[in-house]
Amino acid sequence: MTDALKRLSDEGVAIWLDDLSRQRITSGNLAELIDQQHVVGVTTNPSIFQKAISDGHGYDQQVTDLAARKVTVEEAIRMITTADVRDAADILRPVFDATGGQDGRVSIEVDPRLAHHTAPTIAEAKQLAWLVDRPNTLIKIPATKAGLPAITEVIGKGISVNVTLIFSLERYREVMDAYLAGLEKAKAAGLDLSKIHSVASFFVSRVDSEIDKRLEKLGTDEAKALKGKAALANARLAFQAYEEVFASERWAALDRANANKQRPLWASTGVKDPAYKDTLYVDELVAPGTVNTMPEATLEATADHGQITGDTVRGTYEAAKADLDAIAALGISYDDVVQLLEDEGVDKFEASWNDLLKSTEAELKRLTPSEG
């Protein structure tokens, strides 16, 4: 066992776990990961909750109580998921206090069926922040066109946000703009900007999955030589955009008011192609002030054989741009790929949410006490 996770942390990368379940909380596993594996945050999504609630009997007592109260399935899901997030937030509270609120964070997502609707997303974000009622929560809002004004509005109300499902460089710039606009609203309202935090979840592995498929279809040596390069190039150019935006005069004015930078978060860092090293999207995306949220398998692989050799992002921008240009020159449309991935990302989370509705409804029926 190497101490690659400590080296990663020492390089300024916050290690977050991309998973949560009642079992992980009650068994002491989450506390152990924080204590031994340098984990300083947790992210959740509808797929994670669907799997957690479908597996085992960890939720039986709460579901039995909810069934006795005859709550709706939507209310049951909200009570179950916010309870997990609240408990995880309490476990992470010492990290939150020690890092001045930067880490020790737990993310919970708005209903993905609202992804293309601004006003309900804002209302849901406010409701989730109220329900969880912990200062170390991040409310996840997707980076759809409808999500952008919601991000501004929610940040403007002093609620910390994890912006999710970012695939394109253009959309990422729009996300940063939405964040800065939100901070400006919060400042105008007299809120304490030092208490508002945000991360921007830039998705990694899915970019390779889609572009590699298209390169494979072309079948030329030139195309095959570019496999496995798109995702890293895209993420590295995202970091370049981050550096530019947070070196601007607009940011400097907010910085003087004690605002926090919106950190880039590398999401979807589990490798999908078994031909690639399983720590590829950890080893090659090391940069200070970033977050890497890993599924447990990736966390364990990094602990075991990750190769952390310092900053692997800054200084790569020309090569990254050359890789994306070479892919475009083969007729693969970047805009087409990133739009497809955003649409698929929303659809996948919505499908998981619908599965969550079905499995929770079945559990409510199974555990409904007989009248008497």
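Q: How do the residues of the lining of the second largest cavity divide into nonpolar, polar and charged?

A: There are four nonpolar, three polar and two charged residues in that lining. Here Ala, Val, Leu, Ile, Met, Phe, Trp, Tyr, Cys and Pro count as nonpolar, Asp, Glu, Lys and Arg as charged, and the others, Gly among them, as polar. Keep in mind that this is a predicted model: local features need pLDDT of at least 70, side-chain atom pairs count only at pLDDT 80 or more, and totals for chains, interfaces and linings use all residues. Residues are numbered from 1 along each chain as its sequence is written, and side-chain values use heavy atoms, with hydrogens and water left out.

Q: Which residues line the second largest cavity?

A: Rolling a probe the size of a water molecule over the atoms shows where empty space is left. On a 1 Å grid over the protein atoms alone, a cavity is a set of points where a 1.4 Å probe fits but cannot get out, and a pocket is an open set with protein on both sides within 12 Å along at least five of seven lines; lining residues have an atom within 4 Å of a point. In this case the lining is Thr44, Asn45, Pro46, Phe49, Arg78, Thr81, Ile108, Glu109 and Trp353, around about 30 Å³ of space.

Q: What does H4 give to the lining of the largest pocket?

A: H4 gives the most, with three residues. The pocket has a volume of about 500 Å³, a volume being the space filled by probe spheres set on grid points joined across faces, edges and corners. Of its 24 lining residues, Asp18, Asn45, Ser268, Lys272 and Pro295 lie nearest the centre.

Q: At what angle do the axes of H4 and H17 cross?

A: Two packed helices are described by the angle between their axes and the distance between the axes. The axes of H4 (residues 46–54) and H17 (residues 334–366) cross at roughly 25° and come within 8 Å. That makes H4 roughly parallel to H17, a label for angles under 35 degrees.

Key:
Axes fitted to C-alpha atoms, helices over the stretch in contact; angles between N-to-C directions. Helix = DSSP H or I, 4+ residues; strand = E, 2+ residues; numbered from the N terminus. Parallel < 35°, antiparallel > 145°, perpendicular 65-115°, else oblique.
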